[in-house]
Amino acid sequence: LLRALRELKRVDEILEGCSAFWANMDGTVQKLAQMKEHTDCLVNFASKSKPLRDRFEQRLGEYRSFWSALERLCRQYCLDHQASAKRMYEVIREVSDAADVYDTANSAGLGILNIMRDKQRRHGY
């Protein structure tokens, strides 16, 4: 039971990490929307002058870097989540199996007690 409680606490920590990831994702999406607006403006003016074209190339590089970093973060999140989910389901299965063994043993013990009582009643003990 103590092991199960420790594992459930671990599951809770994993789920908190998932929640933090998705909460952070909201800010990321907002930043992407802002970057899109800036990029749209730069695209409209970039062809008109060399300094603006250079600025556009710089922003495009930042945009590429940002997406690459986000991709790495999401891939790592998926890998971590898969590993954690697999372990979580293993623990749940182990706890379920242990509960089944306990219930079976408890039922068997009660069955034996009932047999002994019936036997005592029949023999007048």
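Biologist: Is Y63 buried, exposed or partly exposed?

Modeller: Y63 counts as partly exposed, because its relative accessibility is 24%. Buried means under 20% relative accessible area and exposed over 50%, with partly exposed in between (1.4 Å probe, protein chains only). Before we go on: this is a predicted model, where local features need pLDDT of at least 70, side-chain atom pairs count only at pLDDT 80 or more, and totals for chains, interfaces and linings use all residues. Residues are numbered from 1 along each chain as its sequence is written, and side-chain values use heavy atoms, leaving out hydrogens and water.

Biologist: OK, aromatics then. How many aromatic pairs are there in the whole structure?

Modeller: A search of the whole structure gives 4 aromatic pairs. Rings of Phe, Tyr and Trp (its six-membered ring) pair if their centres lie within 6.5 Å; planes under 30 degrees apart are stacked, over 60 edge-to-face, and the rest tilted. One of them is F21 with Y77, which is stacked because the centres are 3.9 Å apart and the planes are at 10°.

Biologist: And which helices do F21 and Y77 lie in?

Modeller: F21 lies in helix α1 and Y77 in helix α2, so the pair ties together parts 56 residues apart in sequence. Helices here are DSSP runs (H or I, at least four residues), numbered from the N terminus. Both F21 and Y77 are buried. Ring pairs also link F21, W22 and Y77 into a cluster.

Biologist: Back to Y63. Why is its pair with W67 edge-to-face?

Modeller: Because the planes of Y63 and W67 are at 75°, with the ring centres 6.3 Å apart. Both lie in helix α2, 4 residues apart, about one turn of the helix. W67 is partly exposed, at 40% relative accessible area.

Biologist: Which residues make up the largest nonpolar core?

Modeller: There are 9 residues in it: I14, C18, F21, M25, L32, M35, F66, L70 and Y77. Such a core is a set of buried Ala, Val, Leu, Ile, Met, Phe, Trp, Tyr and Cys residues joined through side-chain atoms within 4.5 Å. α1 (2-46) and α2 (50-123) each supply at least two of its residues, and the largest share, 6 residues, comes from α1.

Biologist: What does M25 touch?

Modeller: L70 and C74, not counting residues up to four places away in sequence. Contact means heavy atoms within 4.5 Å.
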